[in-house]
Amino acid sequence: MSALELEQSAAPGGPSPLRGFVRRRPLLVAAVGCVLSFAAFWVAQRLAHVTMVDLMVYRAEGWTARNGEDLYDMVATSANLPNTYPPFAALLFTPLTLVGVPEMRTLATLGNLLLMVAVAHLGLRLAGRPKRVPRLAAALGVAALLVWCEPVWTTLRYGQINLLLAVLVLWDLTRKDTNRWAGVGIGLAAGIKLTPALFAVFLALAGLVRAWQRLRAGAGPRDAWNPWLRQAVVACLTFLGTALLSALVLPQDSRRFWTEIIFAADRVGEVEITANQSLRGALARLLHTHDPGLWWLAAAAVVAVFGLAAAVGALLRGRRAWAAVACAVTALLVSPISWSHHWVWGVPMLILLGSEAIGRGGFGDRAGRRWWAGTLAMGLLFCSFALWFVPHRYHHHEELHQNGGQMLLSGIYPIAGLVFLALTAVLVRRDGAAAPDAGPGAVAPGR
């Protein structure tokens with residue numbers, strides 16, 4: 001008998017009524033808890049007078065596209081924020097112009113909270129959890145807790161689309177390998193914002209390695225074709241479709257974006273500010289410069305190779321969840337600008353780490369305790385808002401004069417990302433030889 005069973009059998013009344021009710025109605029309890037947490041979150045956001053400034057920029061992009069004006073000459077809000085997304089995004093933002101601003105903000109908040117549940121659900125599915133309770137109940141419980149993470153809070157504060165992009169990618173990566181439409185989500189996400197395109201590169205590399213392994217084993221060219229290659233091709237074709245549609249509807253804007261705007265990395269904002277949680281931002285603060293130049297290019301190249309190698313290795317060995325999160329972390333690290341709210345991938349990361357802790361025996365096992373300690377430490381990191389504990393006034397360049405402690409606080413997400421990639425590489429190395437041939441739909445328990 002387990003310790004829990006012994007404790008229950010020794011208790012005069014057996015399991016408590018509350019515990020029994022939770023076990024009988026896990027979905028109801030999780031739903032009530034999630035609603036209460038989301039309601040408190042909504043109230044807290046209103047009390048904080050959130051501006052949803054990025055949502056206002058999206059609305060301005062939609063108006064500009066509707067009126068046939070230049071997308072990349074427009075600026076929006078009192079902060080004079082420009083458009084930095086591909087023109088396809090502006091086409092998707094046009095429905096925002098059909099409702100009033102108050103209604104738009106309410107719908108955006110509600111939509112993002114629902115997307116938070118979707119991220120939790122898909123993150124659990126990717127990790128192969130839970131085993132004993134309904135997945136929806138687990139997703140609601142996870143969403144109720146992790147909605148308070150800084151990246152999620154800031155996403156809703158600005159009215160950002162990060163959760164939508166994460167859902168599109170996770171939706172693809174949790175599909176069965178027999179699904180011929182897998183890859184569409186990644187292609188659409190890349191069409192809205194370029195960074196998710198790295199997932200197509202990751203799948204293509206894994207597919208090519210798998211094809212080479214099959215060819216070396218004596219398989220023919222037809223047998224070398226595999227689901228990862230197909231998914232990468234579908235993603236690329238979908239992305240090209242978004243670019244073609246944009247070129248037909250917004251030809252001048254498309255030409256300008258692909259020949260000019262795409263190369264203007266500094267158009268997004270100041271590189272060194274605390275909000276930039278990419279390698280480039282961390283190096284700018286470390287070197288006390290607005291532009292780390294070749295130092296960043298060298299570091300980004302090394303991290304890109306290391307991160308993609310770890311992600312591909314994890315996928316080849318059946319660790320699909322580790323592969324997906326490692327690819328996302330790599331994209332966040334090497335991107336010129338990765339705002340703190342882009343790190344909503346911390347949610348699937350925490351789900352994955354918690355899943356590993358549960359799978360290794362929980363608190364009753366030494367390895368389980370180590371994994372739980374790591375999970376809790378990472379959770380505190382994402383929920384602490386510690387990066388904002390340093391001077392960070394916009395346009396005041398205070399980040400260029402940080403001391404060592406302030407640099408650590410303002411670089412916690414890149415540090416966490418590098419630690420996660422290192423852990424992924426260690427697990428891949430321990431796995432040794434590649435697992436039996438498995439497509440994107442095959443997930444080993446706890447992986």
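Predicted model: local features only at pLDDT ≥ 70, side-chain atom pairs only at ≥ 80, totals over all residues.

Modeller: Residues are numbered from 1 along each chain as its sequence is written, and side-chain values use heavy atoms, with hydrogens and water left out.

Colleague: How are α18 and α19 oriented, roughly parallel or roughly antiparallel?

Modeller: Helices here are DSSP runs of H or I with at least four residues, strands are runs of E with at least two, and both are numbered from the N terminus. α18 covers residues 346-359 and α19 covers residues 366-383; their axes, lines fitted to C-alpha atoms over the stretch in contact, are 8 Å apart at about 165°. Angles between N-to-C directions run from 0 to 180 degrees, and those over 145 count as roughly antiparallel, those under 35 as roughly parallel. Therefore α18 is to α19 roughly antiparallel.

Colleague: Which residues of α19 make the contact with α18?

Modeller: Contact means heavy atoms within 4.5 Å. On the α18 side it is made by G346, M349, L350, L353, G354, E356, A357 and I358. The α19 residues are G368, W371, W372, T375, M378, G379 and F382.

Colleague: How many residues of α9 are buried?

Modeller: Buried means under 20% relative accessible area, exposed over 50%, and partly exposed in between, with a 1.4 Å probe and protein chains only. Helix α9 runs over residues 162-173, and among its buried residues are N162, L165 and D172. Of its twelve residues, the buried number is ten.

Colleague: Which helices do the buried residues of α7 pack against?

Modeller: α7 spans residues 135-146. Its buried residues include A137, L140, V142 and L146. They pack against α3 (26-47), α6 (101-127), α8 (150-158) and α18.

Colleague: What is the phi of T77?

Modeller: Most residues other than glycine have a negative phi. T77 is found in the loop between β1 (75-76) and β2 (81-82), and is partly exposed at a relative accessible area of 31%. T77 is not a glycine, yet its phi is positive, about 65°.

Methods:
Parallel < 35°, antiparallel > 145°, perpendicular 65-115°, else oblique. Expected span 1.5 Å × (residues − 1).
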